Protein chains: 2
Amino acid sequence: MKTKAPHDLETAGTRERIVRTASRLMQRQGYEGTGIKQISREAGATLGSVYHFFPGGKQELGTAAVRLGDEEFTELLRESLDAEPDPAKALVALTASLAEGLRESDWLDGCPVTSTVVGTAGSAPGIQRAAAEAFARWRAVVAAKLVAARFAEADAEDLAHTVIATLEGAELASQVARSETPLEAAGRHLARLIASYGGSGHS
Amino acid sequence: MKTKAPHDLETAGTRERIVRTASRLMQRQGYEGTGIKQISREAGATLGSVYHFFPGGKQELGTAAVRLGDEEFTELLRESLDAEPDPAKALVALTASLAEGLRESDWLDGCPVTSTVVGTAGSAPGIQRAAAEAFARWRAVVAAKLVAARFAEADAEDLAHTVIATLEGAELASQVARSETPLEAAGRHLARLIASYGGSGHS
DNA sequence: CGGCGACTAGAACGAACGCTCTATCCAGAG
DNA sequence: CTCTGGATAGAGCGTTCGTTCTAGTCGCCG
């Protein structure tokens, strides 16, 4: 019986509801600021269900929440980069959409990975590892886009570090300042930085 | 009696010990992850003293901790920028020293303001405000340096947004990856971005 | 039908949380 | 000396924390 599909439809329903709720709450309140009871309450699940799906407790749940945020942003990143051949223009569009999302949440929803991982440095190694993997994956997506736009591989990977770091920092700065300006400036400056590597466009 | 100096020497001693301890702990564990009793214990003060100096409770203490982090980084920023006439080179040196500090703490001590403010978005407006003021002050210091290096005022303020955002993001990325690479790349790329504004140097 | 495993349900535990409160200490003013 | 007020000291409040545990529900296989 390899078929786990039948009742997985239901179990995956509860499990996924818990992870999504955990991710959303930790995005706003941080890892330490979010309680398991609050998660189970808002997810419409009970404490028993939470510990059934996450026997590792809060840390395992936090790790799953970070991974969900990882997947969601990876997809957003890919969509933005695929929609526009020029990576510089794509980044400008991406920062604009990040700023829009942030404003629409009344500046509450920053990067889910960042919010969850900050403050767990020495105490929750699983979460640290998941966050490191998320950053690495995002960098790889950006680097692949740059390589596709005829960048040298070394330059692409190098630039990807700064692209991701600047996006993270600008998202945080915009959230704290309650203003789209940091993200907007980051988009423009990343485009300028990329353009400074010779090619003005995509060919 | 305007002279408050005599016993202020002692009272300021305890008060400052509390704030410094709070700042250090919140830098590592976040705002929610740090307890007032832990702060008082590690500061060698009692609960009574904490609430005597900070009748506003944890939020007032957190705000003071953010302001201390603000002052400390403002000073580090000024030192780095004053030591080198070319702002681009100064930023490379700054990222190197940030990376060194991070590595020396075994990747535990990130930006004290960021760690403290993340996760307090909707719940602690005083902390949010103090963090916004910190970012604005740092931006002003960077912008002033750029203006002194013959940048147009509009360009300088615009660039300052991205400089601060990138520094924040790279510090976070370096901490999570436990690697100096993100900060090192950020320094090089910020220097390149600044250099792209015409002047290759300081005159 | 009986039994079994996946899942739900929530009471209960000890510890820690932020905060309030009273008591005490002590230097300096009168 | 007394008196005063800033500072120290810590017991104790009610609440919430993460976690454990037992009981119960449900669908499916034999």
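**Close-ups of a two-chain predicted model**

**View 1. What chain A and chain B bury between them.** Put together, chain A and chain B bury about 3,200 Å², with 68% of it on carbon and sulfur atoms; buried area here is the accessible area (1.4 Å probe) that two parts lose on being put together, summed over both. A:Val176, A:His189 and A:Arg192 supply 18% of the area that chain A buries against chain B, more than any other three residues. This is a predicted model, so local features need pLDDT of at least 70 and side-chain atom pairs count only at pLDDT 80 or more, while totals for chains, interfaces and linings use all residues. Residues are numbered from 1 along each chain as its sequence is written, chains are lettered from A and ligands numbered from 1 in the order in which they are written, and side-chain values use heavy atoms, with hydrogens and water left out.

**View 2. The two copies laid on each other.** On the contact count (heavy atoms within 4.5 Å), 40 residues of chain A touch 40 residues of chain B. The copies meet through the same surface, because 100% of the interface residues of chain A are also interface residues in chain B.

View 3. Helix 8 of chain A gives the largest share of the side of chain A that touches chain B, 13 residues. Two salt bridges link the chains (a side-chain nitrogen of Lys or Arg within 4 Å of a carboxyl oxygen of Asp or Glu). In a salt bridge, the side chains of B:Arg188 and A:Asp158 meet at 2.5 Å, N to O.

**View 4. A salt bridge inside helix 1 of chain B.** B:Arg20 pairs with B:Glu16 in a salt bridge, their closest N and O atoms 2.6 Å apart. These two, B:Arg20 and B:Glu16, sit four residues apart in helix 1 (residues 5-29) of chain B, so about one helical turn separates them. Over all chains, the salt bridge count comes to 18.

**View 5. The helices of chain A and an annotated stretch.** Chain A has nine helices and zero strands (DSSP runs numbered from the N terminus: H or I of at least four residues for helices, E of at least two for strands). UniProt, in an unreviewed entry, places a "DNA-binding region" at residues 35-54 of chain A; such annotations may be inferred rather than shown by experiment. Over residues 35-54, chain A is 75% helix and 0% strand, with the end C-alpha atoms 14 Å apart.
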